[in-house]
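Below are some notes on the fold, for reading alongside the coordinates.

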Amino acid sequence: MRFIYPAVFRPEEDGKYRAFFPDLECCEAKGDTLEDAIENANAAAYDWIYTEITEFEGILPPVSDLSDIQLQDGEVVRNISVIIRVTEGWDE
């Protein structure tokens with residue numbers, strides 16, 4: 001299954017990036033560069049969604065519309081796509 005959630009990437013004072021998902025509670029990532037932060041955000045989203053599907057009821061939050069996300073100066077938003085293959089007990 002494919003899941004796509006927006007992530008907000010915020011540059012930090014030291015030049016690194018911090019990422020958070022407005023829709024995925026407490027799902028965050030960091031990176032030395034924007035590319036690193038995107039890669040780490042992808043891994044964080046994968047872990048968050050996989051845990052929700054396999055350990056909880058599998059009810060995922062709705063996806064925010066990109067136009068509804070308010071950005072601060074320097075922030076960028078990117079859609080993060082995660083593919084999860086769950087074979088045991090999951091109806092696709």
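1. A residue counts as buried under 20% relative accessible area and as exposed over 50%, with partly exposed in between. Y46, with a relative accessible area of 32%, is therefore partly exposed. Y50, at 34% relative accessibility, also falls into the partly exposed class. Please keep in mind that this is a predicted model.

2. Y46 and Y50 belong together for another reason. A pair of aromatic rings is described by the distance of the centres and the angle of the planes. For Y46 and Y50 these are 5.9 Å centre to centre and 10° between the planes, and the pair is stacked. The structure holds one aromatic pair. The two tyrosines sit four residues apart in helix α1, which means that about one helical turn separates them.

3. What is the strand order of the sheet? The sheet is open, has four strands and reads β3-β2-β1-β4, with antiparallel pairing. β3 (28-31) and β4 are the edge strands; each has a single partner strand, so one side of each has no neighbour in the sheet. On average, neighbouring strands are turned by 30° against each other, direction ignored.

4. The pairing of β1 can be followed on both sides. Toward β4, β1 makes eight bridges in the antiparallel sense. Within this pairing, I4 has S81 as its bridge partner in β4, and R2 stands opposite I83. Toward β2 (residues 17-20), β1 has four bridges, again running antiparallel. Here V8 is bridged to F20.

5. β1 and β2 form a hairpin with five residues between them.

6. In soluble globular proteins, nonpolar side chains tend to be buried together. The largest nonpolar core in this model has 20 residues, and those with the most contacts inside it are F9, F21, L24, A41, I49 and I80. Two or more residues come from each of β1 (2-11), α1 (34-55) and β4 (76-83). α1 gives the most, with eight residues.

7. F21 shows how parts of the chain meet in this region. Leaving aside neighbours within four places in sequence, F21 is in contact with Y5, P6, A7, C27, A41, A45 and I80. Of these partners, A41 and I80 are listed with F21 among the core residues with the most contacts.

8. Is E75 buried or exposed? E75 lies in the loop between α1 and β4. Its relative accessibility is 8%, so E75 counts as buried, the cut-off being under 20%. The side chain of E75 makes a polar contact with the side chain of R10, at 2.5 Å. Beyond its neighbours within four places in sequence, E75 is in contact with V8, F9, R10, P11, F20 and Q70.

Methods
Residues are numbered from 1 along each chain as its sequence is written. This is a predicted model: local features need pLDDT of at least 70, side-chain atom pairs count only at pLDDT 80 or more; totals for chains, interfaces and linings use all residues. Side-chain values use heavy atoms; hydrogens and water are left out. A nonpolar core is a set of buried Ala, Val, Leu, Ile, Met, Phe, Trp, Tyr and Cys residues joined through side-chain atoms within 4.5 Å. Buried means under 20% relative accessible area, exposed over 50%, partly exposed in between (1.4 Å probe, protein chains only). Contact means heavy atoms within 4.5 Å. A polar contact is a pair of N or O atoms within 3.5 Å; within protein, one must be able to donate a hydrogen and the other to accept it, and residues adjacent in sequence count only if both atoms are side-chain atoms. Rings of Phe, Tyr and Trp (its six-membered ring) pair if their centres lie within 6.5 Å; planes under 30 degrees apart count as stacked, over 60 as edge-to-face and the rest as tilted. Two strands pair if DSSP finds at least two bridges between them. Axes are lines fitted to C-alpha atoms, for helices over the stretch in contact, and angles run from 0 to 180 degrees between N-to-C directions.
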